There are 2 protein chains.
Amino acid sequence: MAARNSYHHGDLANALLDAADDLLEEEGLGGFTLRACARRAGVSHAAPKHHFGDVQGLLTAVALRGYDRLVATLRAQLAQAHGDLEDEMFATAKAYVQFAQDNPEHFRIMFRADLVAIDMSCPPPTVQATFAELTNVILRQRGEAVLEPAVAMGQAKSAALIDDILLGWCHVHGYAHLRLEGQLDMVPRDAENDHLRATCARLSGLIQAYAQAR
Amino acid sequence: MAARNSYHHGDLANALLDAADDLLEEEGLGGFTLRACARRAGVSHAAPKHHFGDVQGLLTAVALRGYDRLVATLRAQLAQAHGDLEDEMFATAKAYVQFAQDNPEHFRIMFRADLVAIDMSCPPPTVQATFAELTNVILRQRGEAVLEPAVAMGQAKSAALIDDILLGWCHVHGYAHLRLEGQLDMVPRDAENDHLRATCARLSGLIQAYAQAR
DNA sequence: GCGCTTATCTTGACAGCGCCAAGATTTGAT
DNA sequence: ATCAAATCTTGGCGCTGTCAAGATAAGCGC
């Protein structure tokens with residue numbers, strides 16, 4: 001049911017996604033086309049239509065794969081940092097930045113509203129899980145109970161909590177994005193971890209201090 | 001020498017840039033094509049080639065116009081905030097975010113390394129000026145002397161200074177980018193300034209505290 | 001095993017794109 | 001006035017995404 005015998009592929013949707021991943025890795029977003037994906041999967045140029053509709057449909061599926069990898073990277077790094085709050089913050093930041101560097105095209109696609117059709121007011125589980133992971137890091141910094149993915153994204157939060165979440169997320173996202181687009185070349189690559197650790201220490205302290213003052 | 005009499009345009013380069021700006025505003029990056037710019041400027045589809053080479057050349061010029069607007073926005077907001085360091089930080093953040101919201105396509109293009117050919121190791125004056133504006137805000141926070149644009153970008157900086165610059169820049173850039181790409185819809189638009197002000201106050205305090213402890 | 005519905009894939013076509021080459025027109029320096 | 005250089009047009013090439021129509025296979029009731 002997996003291999004390509006003739007005419008019917010069997011698992012073309014996943015084959016196209018694999019082809020898209022390969023293509024993105026080898027040639028970048030510029031080399032990514034529906035027809036190129038079809039060629040690589042060994043099917044005709046119109047075959048993807050039935051599974052993904054249009055190019056936005058395929059890229060949306062690619063982006064969701066990206067969220068899968070991101071949440072896996074976050075959890076893997078977090079697993080090595082249980083206990084110390086500063087370490088946890090650093091592990092999260094490192095994971096986010098590392099994901100962007102290891103999967104540059106996925107990162108770019110995930111944050112391109114023109115390419116991806118994800119309704120953020122009702123996000124798929126994978127996106128919820130990613131966001132929950134980030135939210136819960138901040139909640140632990142504040143000494144509060146963590147949330148389930150579904151509620152972490154939907155629930156109305158206090159302005160102060162949102163401030164804290166954004167304090168972490170925006171910095172790490174801004175760093176990852178600027179770095180990826182070549183705007184941070186004056187920061188040596190081997191100083192990256194030092195910067196992230198120092199900054200996470202400061203932000204962690206800042207959040208904890210505000211939490212205690214409440 | 002400006003109007004279009006016949007054959008020779010007179011100022012096609014600027015006319016194409018104006019057409020590009022209009023096109024980006026009306027239809028976004030997806031509606032932007034070399035041929036559409038040429039049509040709007042009233043010339044043939046191959047006319048842009050002589051002035052900008054290829055699409056990357058035209059978009060690079062568009063991006064430079066974006067830097068012009070950004071640095072102008074930064075200076076305009078900063079002019080109203082002389083004196084108080086916290087206000088200055090907030091004014092800068094507000095300007096950066098406002099620029100991204102008012103010029104979404106320019107913002108996107110400026111930070112797309114695949115579309116723009118700017119050598120960041122030897123950036124054009126406009127880019128230097130933008131970066132200098134951001135750097136100098138941080139230098140003032142630290143109570144240090146500000147720098148000329150040319151040296152602000154080139155000069156080797158201490159890791160601590162870079163940490164401070166990134167603390168401000170990455171946050172505000174991450175916020176602007178995430179907001180622009182629809183990832184911050186759970187944050188009400190009318191709470192944006194409150195968040196920015198609160199966060200700038202915290203970051204400003206953080207930077208000043210570290211500067212005094214030195 | 002058979003026939004029928006449905007899903008899947010192919011073929012062919014269309015307009016639009018970036019880019020290139022060759023020719024037409026204008027400018028400007030000599 | 002002449003000629004080289006700059007500027008713009010025309011035409012064409014291969015590529016793209018998308019659509020329509022037809023071919024093939026799979027699933028399923030019987």
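The following paragraphs describe a predicted model, moving from a single chain to the contact between the chains and then to the DNA strands.

Along the principal axes, the C-alpha atoms of chain A fill a box of roughly 65 × 40 × 30 Å. Of the 214 residues in chain A, 45% are buried. Among the contacts in chain A with a separation of 6 or more, 62% are made by residues 24 or more positions apart.

Helix 7 of chain B covers residues 125-141, which amounts to 17 residues. From its first C-alpha to its last, helix 7 of chain B reaches 24 Å, close to the 24 Å expected at 1.5 Å a residue. How many of the residues of helix 7 of chain B are buried? The count is 14 of the 17, and helix 7 of chain B is therefore largely enclosed by the rest of the structure. After helix 7 of chain B comes Gly143(B), which has a positive phi, near 75°.

Further along chain B, helix 9 (residues 159-180) packs with helix 10 (residues 192-212). The axes of these two helices of chain B are 10 Å apart, and the angle between them is about 170°. Because angles over 145 degrees count as roughly antiparallel, helix 9 and helix 10 of chain B are roughly antiparallel to each other. On the side of helix 9 of chain B, the residues that meet helix 10 are Asp164(B), Leu167(B), Gly168(B) and His171(B). Their partners in helix 10 of chain B are Thr199(B), Leu203(B) and Ile207(B). By class, this contact of helix 9 with helix 10 of chain B has three nonpolar, three polar and one charged residues.

The two chains also touch one another. In this contact, 33 residues of chain A meet 34 residues of chain B. On the side of chain A that touches chain B, the elements that give two or more residues are helix 9 (159-180) and helix 10 (192-212) of chain A. Helix 9 of chain A provides the largest share, 13 residues. Divided by class, the residues on this side of chain A are 16 nonpolar, ten polar and seven charged.

Two elements give two or more residues to the surface near DNA strand C: helix 3 (48-52) of chain A and helix 2 (34-41) of chain B. The largest share of that surface, three residues, comes from helix 2 of chain B. By class, the surface near DNA strand C has ten nonpolar, ten polar and two charged residues.

Which residues come closest to DNA strand D? They are Thr33(A), Asp54(A), His9(B), Ser44(B) and Ala46(B), among the 23 residues that surround DNA strand D. Here the elements that give two or more residues are helix 2 (34-41) of chain A and helix 3 (48-52) of chain B. Helix 2 of chain A gives the largest share of the surface near DNA strand D, three residues. That surface has ten nonpolar, ten polar and three charged residues.

Key. Residues are numbered from 1 along each chain as its sequence is written. Chains are lettered from A and ligands numbered from 1 in the order in which they are written. This is a predicted model: local features need pLDDT of at least 70, side-chain atom pairs count only at pLDDT 80 or more; totals for chains, interfaces and linings use all residues. Helices (H or I, at least four residues) and strands (E, at least two) are DSSP runs, numbered from the N terminus. Ala, Val, Leu, Ile, Met, Phe, Trp, Tyr, Cys and Pro count as nonpolar, Asp, Glu, Lys and Arg as charged, and the others, Gly among them, as polar. The expected span of a helix is 1.5 Å times one less than its number of residues. A residue is buried if 20 or more other C-beta atoms lie within 10 Å of its own, exposed if 12 or fewer, and partly exposed in between; C-beta atoms are placed from the backbone. Axes are lines fitted to C-alpha atoms, for helices over the stretch in contact, and angles run from 0 to 180 degrees between N-to-C directions. Angles under 35 degrees count as roughly parallel, over 145 as roughly antiparallel, 65 to 115 as roughly perpendicular and the rest as oblique. Two residues are in contact if their C-beta atoms, placed from the backbone, lie within 7 Å. A residue is near a molecule or strand if its C-beta atom, placed from the backbone, lies within 6 Å of it.
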